[in-house]
Amino acid sequence: MDEPIQKMEKDCSAIVDAQFPEIEAHAKSGQITKSFEQLLVLEKQTRSAADLASSTRVLKKFIQLTFEAQDWKLMQEYIVLLSKKHGQLKQAITRMIQESMECLEKTPDMKTKLELIDTLRTVTDGKVYLEVERARVTRILAKIKEDEGNVNEAADIMQDLQVETFGSMEKREKTDFILEQMRLCLLKRDYVRANIISKKINIRYFKETEVQDLKLRFYDLMIEYSLHENEYLQVCKHYRQIYDTPIVKADPAQAKKAVENAVLFVVLAPFDNEQSDLIQRVYIEADEVDTPVYRDLLKCFITTELMRWSMIEQIYGPTLGQNTALATGDEASRKRLKELHNRVVEHNIRVIAKYYTRITTKRLTQLLDLPDKDTEEFLSKLVVSKTIYAKIDRPAGVVSFAKSKHANEVLNEWSQDINGLLGLIEKTCHLITKEEIIHSITKVI
């Protein structure tokens with residue numbers, strides 16, 4: 001928060017201009033103590049006069065002189081001392097902290113840098129007007145810890161700050177900071193916290209063209225999280241958002257990769273109403289990009305026809321094997337390949353349930369290319385999820401897909417059929433009579 005505007009009681013700029021050359025001369029001649037004595041007197045005058053411009057110049061001069069003298073300990077002492085001065089203008093303190101932050105990259109060694117960072121974090125702690133500076137210093141410290149291999153410590157350091165509440169931080173920097181928090185949480189394998197942090201970002205902000213890089217970073221992190229949770233439908237949605245980014249659409253290679261992954265993961269997602277709707281949308285997007293193999297694979301799942309897993313492997317296997325989601329050879333990629341096989345089997349069962357009312361288990365196992373045990377397991381799974389209706393008569397070896405109906409339902413259906421039939425007969429009789437009348441009139445003429 002900005003401090004209330006204080007009325008300047010006296011303009012000290014002339015005094016500062018007059019004394020600065022003398023102070024700098026003492027510092028260059030090695031009389032650093034004398035320089036600081038004069039600066040302290042000058043600092044009190046500018047602070048008492050509430051002269052923001054002059055007070056800022058004096059405070060920054062403390063940092064500059066200690067840096068030129070390479071006396072880092074003295075710099076830290078004066079940062080703490082000056083920030084505690086009663087009546088010191090907040091904006092002047094902010095400028096002093098910013099000046100000292102510029103010296104971080106010029107420290108002679110890591111120990112000195114860490115000591116200066118610790119001092120800056122101590123001074124900025126709990127001060128709303130220094131929240132942005134504290135966040136930036138904290139991020140530098142977290143990067144140092146990560147480079148040293150202390151990922152857990154780096155993540156913990158970043159979690160201390162709730163930047164979404166910082167009113168003085170720009171939206172882009174705030175979003176970038178939150179994305180860094182997410183990245184470190186995922187490195188730490190703290191997936192629950194990563195998901196919580198992701199909710200702090202308003203995705204409508206990504207509609208602005210200036211933040212496309214942040215949008216891509218966000219969805220890359222969300223893909224990593226969703227893959228860990230095996231949320232394939234969410235992964236598909238994230239890839240669709242990536243494809244919907246102008247800089248991705250402008251690059252044919254990136255656009256093709258995004259659509260291919262969207263196709264793969266919508267196919268891997270379990271069947272439900274949302275998946276069924278999304279698969280149609282992805283199919284349209286696949287037509288916009290040159291991905292014939294993935295488009296044909298998607299068409300197999302849209303068409304109500306049986307698929308042979310052996311043919312799927314033969315036709316699409318080489319291309320799918322180049323996708324990073326399936327090609328790594330680790331446990332996760334093997335699991336996804338198995339899921340693809342499961343989705344093919346489930347699709348075939350839905351197709352069979354649509355065309356058959358009853359079928360023998362022997363014939364069903366032939367159509368699915370599965371053993372009896374696996375066939376029954378897949379059937380049971382789809383029945384439990386209410387995707388299909390089925391009953392298995394093991395002794396008779398028959399699977400029934402037709403729902404048993406109550407006597408009233410059967411009677412109602414029969415009544416509707418009779419009404420429909422009578423309606424057709426009446427309409428037919430009317431048309432015949434009409435034709436006879438027209439024919440008789442024509443004959444008379």
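Helices (H or I, at least four residues) and strands (E, at least two) are DSSP runs, numbered from the N terminus. This is a predicted model, in which local features need pLDDT of at least 70 and side-chain atom pairs count only at pLDDT 80 or more, while totals for chains, interfaces and linings use all residues. Residues are numbered from 1 along each chain as its sequence is written, and side-chain values use heavy atoms, with hydrogens and water left out.

Q: In which helix does V132 lie, and which residues does V132 touch beyond those up to four places away in sequence?
A: V132 lies in helix α7, which covers residues 131-147. Contact means heavy atoms within 4.5 Å, and, not counting residues up to four places away in sequence, V132 touches S168, M169 and E173.

Q: How far apart in space are V132 and G167, C-alpha to C-alpha?
A: In sequence, V132 and G167 are 35 residues apart. In space, the C-alpha to C-alpha distance of V132 and G167 is 9.2 Å.

Q: How many helices and strands are there in the protein chain, and what is its radius of gyration?
A: The protein chain has 22 helices and 3 strands. The radius of gyration is taken over C-alpha atoms, and the globule rule is 2.2 Å times the number of residues to the power 0.38. For 445 residues that rule gives 22 Å, and the chain is well over this value, so it is more spread out than a compact globule, with a radius of gyration of 37 Å.

Q: What box do the C-alpha atoms of the protein chain fill, and what percentage of its residues is buried?
A: Taken along the principal axes, the C-alpha atoms fill a box of roughly 125 × 65 × 45 Å. Of the 445 residues in the protein chain, the buried ones make up 42%.

Q: Why are α9 and α10 described as roughly antiparallel to each other?
A: Axes are lines fitted to C-alpha atoms, for helices over the stretch in contact, and angles run from 0 to 180 degrees between N-to-C directions. Angles under 35 degrees count as roughly parallel, over 145 as roughly antiparallel, 65 to 115 as roughly perpendicular and the rest as oblique. Helix α9 (residues 171-187) and helix α10 (residues 191-198) pack with their axes 8 Å apart and at an angle of about 165°, and α9 and α10 are therefore roughly antiparallel.

Q: Which residues make the contact of α9 with α10, and how do they divide by class?
A: From α9 come I178, Q181, M182, C185 and L186, and from α10 come Y191, R193, A194, I197 and S198. Ala, Val, Leu, Ile, Met, Phe, Trp, Tyr, Cys and Pro count as nonpolar, Asp, Glu, Lys and Arg as charged, and the others, Gly among them, as polar. By these classes, the residues of the contact of α9 with α10 divide into 7 nonpolar, 2 polar and 1 charged.

Q: At what angle do the axes of α14 and α19 cross, and which residues make the contact?
A: The axes of helix α14 (residues 252-268) and helix α19 (residues 331-355) come within 9 Å and cross at roughly 65°. The contact is made by F265, V267 and L268 of α14 together with R336, E339, L340 and R343 of α19.

Q: Is A50 buried or exposed, and where does A50 lie?
A: A50 lies in the loop between α2 (32-48) and α3 (52-68), and has a positive phi of about 55° although it is not a glycine. At 11% relative accessibility, A50 counts as buried.

Q: Where does D369 lie, and what does its relative accessibility make it count as?
A: D369 has a positive phi of about 55° although it is not a glycine, and lies in the loop between α20 (361-368) and α21 (372-384). At 45% relative accessibility, D369 counts as partly exposed.

Q: Which residues is S226 in contact with, leaving aside its neighbours within four places in sequence?
A: S226 lies in helix α11 (residues 212-228) and is buried, with a relative accessible area of 1%. Leaving aside those neighbours, the residues in contact with S226 are E231, Q234, V235 and H238.

How values were computed:
Buried < 20%, exposed > 50% of the residue type's maximum accessible area, 1.4 Å probe, protein only.
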